[in-house]
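Me: I've got a fold open on my screen and want to talk it through. Can you take my questions as they come?

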Amino acid sequence: VGDDSRAVLLGPIAVHPDHENLGVGTQLMKTGIAAAKAAGLHLTIAIGEPGYLARFGFEPASPHGLSFPVHVEDQRFLVLSLTDGATQQASGMVSARHQ
């Protein structure tokens with residue numbers, strides 16, 4: 001993602017079947033998104049179930065000019081803007097950079 005786009009890949013998130021439908025996954029997602037915002041990141045990227053992730057505001061990433069370095073079905077490659085206009089300013093290949 002562009003040099004000015006600070007992002008994090010959130011996930012994978014999984015909940016043991018014995019604990020499904022108790023809000024555990026929702027709380028994990030909300031906590032991860034809040035931590036990314038608190039860290040001053042601009043975007044959160046996720047690979048996952050579009051119907052589930054849309055509940056948190058995730059939308060398809062490819063229409064924003066983002067791509068993933070390995071094959072991922074377009075509908076499963078999602079992005080969430082954490083700051084105003086972040087998805088409009090980001091483009092390019094998602095890459096890992098350690099700071």
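Me: Start with S5. Why does S5 count as largely enclosed by the rest of the structure?
Reply: This is a predicted model, to be clear. S5 has five residues, and four of them are buried, so the strand is largely enclosed by the rest of the structure.

Me: How many residues of S2 are buried?
Reply: Four of its five, so to speak mostly covered.

Me: Which sense do S2 and S5 pair in, and over how many bridges?
Reply: Antiparallel, over five bridges. S2 covers residues 43-47 and S5 covers residues 77-81.

Me: Give me landmarks I can click on. What is the bridge partner of Ile47 in S5?
Reply: Phe77. Further along, Ile45 stands opposite Val79 in S5.

Me: How do S3 and S5 run, parallel or antiparallel?
Reply: Antiparallel, joined by two bridges.

Me: Zoom out. What is the strand order in the sheet?
Reply: S1-S2-S5-S3, four strands in an open sheet. The pairing is mixed. The edge strands are S1 (7-9) and S3 (59-60), and each pairs on one side only.

Me: How do S1 and S2 run, parallel or antiparallel?
Reply: Parallel, with three bridges joining them. Val8 has Thr44 as its bridge partner in S2.

Me: What unit do S1, H1 and S2 make?
Reply: A right-handed β-α-β unit.

Me: Next, the core. How many residues are in the largest nonpolar core?
Reply: 12 residues in all. Among them are Met29, Ile33, Ala36, Phe56, Phe58, Leu78 and Leu80.

Me: Which elements give two or more residues to it?
Reply: H1 and S5. H1 gives the most, with three residues.

Me: Where is Leu22, and is it buried or exposed?
Reply: Leu22 sits in the loop between S1 and helix H1 (24-38). Its relative accessibility is 61%, so Leu22 counts as exposed.

Me: Charges next. How many salt bridges does the structure hold?
Reply: One. Arg76 forms a salt bridge with Glu49, and the closest N and O atoms are 3.6 Å apart.

Me: Where do Arg76 and Glu49 sit in the chain?
Reply: In distant parts, 27 residues apart. Arg76 is in the loop between S4 and S5, while Glu49 is in the loop between S2 and H2.

Me: How exposed are Arg76 and Glu49?
Reply: Arg76 has a relative accessible area of 30%, so it is partly exposed. Glu49 is at 47%, so it counts as partly exposed too.

Me: What about Gly51, where is that one found?
Reply: Gly51 is in helix H2, residues 50-53. Its relative accessible area is 52%, so Gly51 is exposed.

Me: How far apart are Gly51 and Arg76?
Reply: 9.5 Å in space, C-alpha to C-alpha, and 25 residues in sequence.

Me: Last one. Where is Ala61, and is it buried or exposed?
Reply: Ala61 is in the loop between S3 and strand S4 (66-67). At 0% relative accessibility, Ala61 counts as buried.

Key: Residues are numbered from 1 along each chain as its sequence is written. This is a predicted model: local features need pLDDT of at least 70, side-chain atom pairs count only at pLDDT 80 or more; totals for chains, interfaces and linings use all residues. Side-chain values use heavy atoms; hydrogens and water are left out. Two strands pair if DSSP finds at least two bridges between them. Buried means under 20% relative accessible area, exposed over 50%, partly exposed in between (1.4 Å probe, protein chains only). A crossover is right-handed if, with the strands pointing away from the viewer, the path from the first strand over the helix to the second runs clockwise. A nonpolar core is a set of buried Ala, Val, Leu, Ile, Met, Phe, Trp, Tyr and Cys residues joined through side-chain atoms within 4.5 Å. A salt bridge is a side-chain nitrogen of Lys or Arg within 4 Å of a carboxyl oxygen of Asp or Glu.
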